[in-house]
Amino acid sequence: MTAAVRRSAPRWIPVAAITAMGVLLLVLALPFAALMARASPGALLSRLAEPSVVQALRLSLLTSFAATAIVVVLGIPTAYVLATRDFRGKRLIEVLIDLPMVLPPTVAGFALLMAFGRMGLAGQWLRVLGVTLPFTTLGVVLAQAFMAAPFFIAPVRTGFAGVDPRYLEAAATLRASEVHRFRRIMLPLALPSVVAGTSMCAARALGEFGATITFAGNLPGVTQTMPLAVYVTLQSDLDTAVVLSVLLLAMSFGLLLGLRAAPGGWWGLRPRAAHPGSSPTR
Amino acid sequence: MTSRRFAGLLAAPAILLSLALVGKAAEAGRSSSTLRVFAASSLANAFGDITREFERTHPGVSVQINLAGSHQLATQLEHGATGDVLASADQRWMEHVRSLTLLAGDPVPFARNRLVVSVPRTNPARIERLQDLARRGVKVVMGAQAVPVGAYSREVLEKLGRTRGFPPDFARRVLANVVSEEENVKSVIGKVQLGEADAGFVYRSDVTPALARFVRVLEIPDSANVIATYPIAVLENAPAPVVAREFVALVLSPEGQAILRRHGLIPAADVP
């Protein structure tokens, strides 16, 4: 097999692959480079302190942190069930969870209004309880969580499913409860996936635009997150828009880079996880 | 392994085909029988009808309407978008485009529009007159400052504050009730139509017959209203300048003006 592959791989393949990659990288990197080139460091620093920038930054950090926390708390059990159980309708649930990933965000925002808006299906009942979501910061969190959840659940589910069942079986013969097996074996072994999912989710929440502006509206300090601020200032104040964009770009870049660096040795969990039989340190 | 080679064999024609299709589509977009009209979003319905009339009288010509906020249209043109005609919802952005020498001639006013307050039929905040907008807790939606309709709305509030029967701090109180600054006028009326907002400042022409089922109109007295002037012009690098001038002529003709009037706009000739 290997010999056959070697014989059938002509020399031009690596060249073609590198060329393809070069073209792709150029298309991906050029807009970012252009954005950075547009921002002078001096203007960047002076505008960073502008109240409108600080306000949007603070709101974005707050909402994407809250949205990520909600997704992690609800997503871990969901991913666990999907990774370990088979049941009727599972496919349907999986598709449902993936849907926000491919849905145009405006459609998602509109659907959220239909459900949680003042006149919406669930919104009418929420109103009785005194909870309003449209035009509130809580609405921003909901829109972000809705759009970002699949980016957490997909990798975590794969991570859980990838844990070698022999470890779990061994633990089960030692009468470890399911909760215990999850905490001691599954979660530590799948931790890199959980970290990856969390950063993807946070990055997606940070960049959320369409669902937010449709569902939560746009009001500085309340619902105007960084992406919305970029869109709005683009029409009146190009320099501030550039600063906001560069800031957003740097934050997303950092989140995704951190995610690449994290799994593996960093967490000091590999050795322990590789020998689940060894006594856990408390 | 053979399947891998097979995949490669498939991929190459697929890429070529898609490139060819993209090229073809771009070519179709450029052909001289297509007229590209950049129009402010408040013109959506009126220009839809004018376009149908134009295509009926100009067989072989197809009109594409690019609808967006006037500022967005200006930005698109500034960054190299090609179009034949620009119809803006205010003179400020038309002047901006003219200052970039992107116009082929002088802009001509073709319509006027006035602001109204739209309220959902269900009227959850029980708004019966304009003064009610200042009541605490009313959810008001308006255009952002950079959007013409947003600037006009703020101007109207200031004028109302100086009108008899309105408290002097009317503008401040209504602005404090604003729950969202929308990016274009259609989003404002959308939020009102869905009943999410209690009131929204829109153009009279935005309350179309189809929307009147969901939305009620509170008129703003002319003395406090802002009459927006809509200018139209042929663009400098228009791929189809002759057809473009014919389109502008139709908009200014009695038929065109009648269509605009049907959609709640004030014909240019009606205002001194």
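Two residues are taken to be in contact if their C-beta atoms, placed from the backbone, lie within 7 Å. The model to which this criterion is applied is a predicted one.

With that criterion, Ala148(A) touches Ala67(A), Val71(A), Cys201(A), Arg204(A) and Ala205(A), leaving aside residues up to four places away in sequence. Ala148(A) also belongs to the largest nonpolar core, a set of 133 residues, where Ala148(A), Val85(B) and Val140(B) touch the most other members. Helix H8 of chain A, residues 137-161, gives the most to this core, contributing 15 residues. As a general background, nonpolar side chains in soluble globular proteins tend to be buried together.

The strands of chain B come next. Strand S5 of chain B spans residues 140-143 and pairs with S6(B) in the parallel sense over 4 bridges. Within this pairing, Val141(B) stands opposite Ser180(B), and Met142(B) stands opposite Glu181(B). Strand S6 of chain B, residues 178-182, is mostly covered, with 5 of its 5 residues buried.

S5(B) has another partner in strand S7 of chain B, residues 199-203, and these two strands pair in the parallel sense over 2 bridges. Here Val141(B) stands opposite Gly200(B).

Notes: Residues numbered from 1 in each chain as written. Chains lettered and ligands numbered in written order. Predicted model: local features only at pLDDT ≥ 70, side-chain atom pairs only at ≥ 80, totals over all residues. Buried ≥ 20, exposed ≤ 12 C-beta atoms within 10 Å, placed from the backbone. Pairing = 2+ DSSP bridges. Core = buried A, V, L, I, M, F, W, Y, C linked by C-beta atoms within 7 Å.
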